[in-house]
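Have a look at the picture first, then read on.

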Amino acid sequence: CGDCGHGTCNGTSVRCVCQADWGGPNCTEPIYWCINGKNRVLTDRSGALQTSGYGAHATLPFIYCAWTITGPPYSAVTVTFGNVSTGFDVVVVFGSADSRYVIGSLQGTQPPGATFRSLTGALQVAFYSGSDMGDRGFTAQWNITVSVDCMGWFGEGHQCPSDSIFSSTSS
């Protein structure tokens with residue numbers, strides 16, 4: 001296993017078993033939970049998102065929460081979903097901090113691996129549950145990469161080309 005940060009090594013599967021509120025392969029990434037009615041602004045370089053229902057319990061009805069992940073201007077913000085089981089509830093991914101550009105959405109049961117990326121330096125994930133008891137919800141990991149420098153490519157005060165700002169891959 002190596003170093004399991006905020007967890008212990010499960011010798012049989014050689015994987016880290018994380019303590020509550022910690023995730024990632026080495027239990028070093030904090031998990032940011034869905035808090036009803038809140039938009040959490042996150043500036044960590046990486047971390048995990050999770051709805052409160054993920055695990056043994058279903059998500060509650062009439063829940064709205066959002067996570068706005070921000071990095072330096074024009075950095076790449078990538079969110080990759082693990083387990084998605086939302087029933088009729090929906091997850092919407094926006095390519096900006098102000099919910100203007102929808103990159104994609106997830107609903108129902110989806111295999112792990114749906115990935116959404118924004119080069120604006122911000123990305124927002126919003127979760128909406130309906131009037132009945134939802135399903136399990138979702139888990140996701142995010143990462144901010146500061147390798148895109150549109151200012152350097154096009155000179156002071158110029159923006160990235162709009163056709164390369166957003167991308168998504170989902171099954």
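A disulfide here is a pair of cysteine sulfur atoms within 2.5 Å. Searching the whole structure turns up 2 disulfides. Before we meet them, some ground rules: this is a predicted model, where local features need pLDDT of at least 70, side-chain atom pairs count only at pLDDT 80 or more, and totals for chains, interfaces and linings use all residues. Residues are numbered from 1 along each chain as its sequence is written, and side-chain values use heavy atoms, with hydrogens and water left out.

**The disulfides**

| Pair | S to S distance | Torsion about the S-S bond |
|---|---|---|
| Cysteine 4 and cysteine 16 | 2.2 Å | -80°, left-handed |
| Cysteine 18 and cysteine 27 | 2.1 Å | about -90°, left-handed |

Cysteine 4 sits in the segment before strand 1 (7-10), and its partner cysteine 16 is in strand 2 (residues 15-18), 12 residues apart. Strands are DSSP runs of E with at least two residues, numbered from the N terminus.

Cysteine 4 is buried at 7%, and cysteine 16 is buried at 16%. Cysteine 27 is buried at 0%, while cysteine 18 counts as partly exposed at 29%.

**The nonpolar core**

A nonpolar core is a set of buried Ala, Val, Leu, Ile, Met, Phe, Trp, Tyr and Cys residues joined through side-chain atoms within 4.5 Å. The largest one has 25 residues, and Leu49, Trp67, Phe81, Val125 and Phe138 touch the most other members. Strand 8 gives the most to this core, with 6 residues. Valine 125 is in contact (heavy atoms within 4.5 Å) with residues including Leu49, Trp67, Phe81 and Phe138, leaving aside its neighbours within four places in sequence.

**The largest pocket**

On a 1 Å grid over the protein atoms alone, a pocket is an open set of points where a 1.4 Å probe fits, with protein on both sides within 12 Å along at least five of seven lines; lining residues have an atom within 4 Å of a point. The largest pocket holds about 300 Å³ of space, a volume filled by probe spheres set on the points. It has 20 lining residues, and Trp22, Gly23, Ile31, Gln50 and Thr139 are the closest to its centre. Strand 8 gives the most to this lining too, with 4 residues.

Terms used: Buried means under 20% relative accessible area, exposed over 50%, partly exposed in between (1.4 Å probe, protein chains only).
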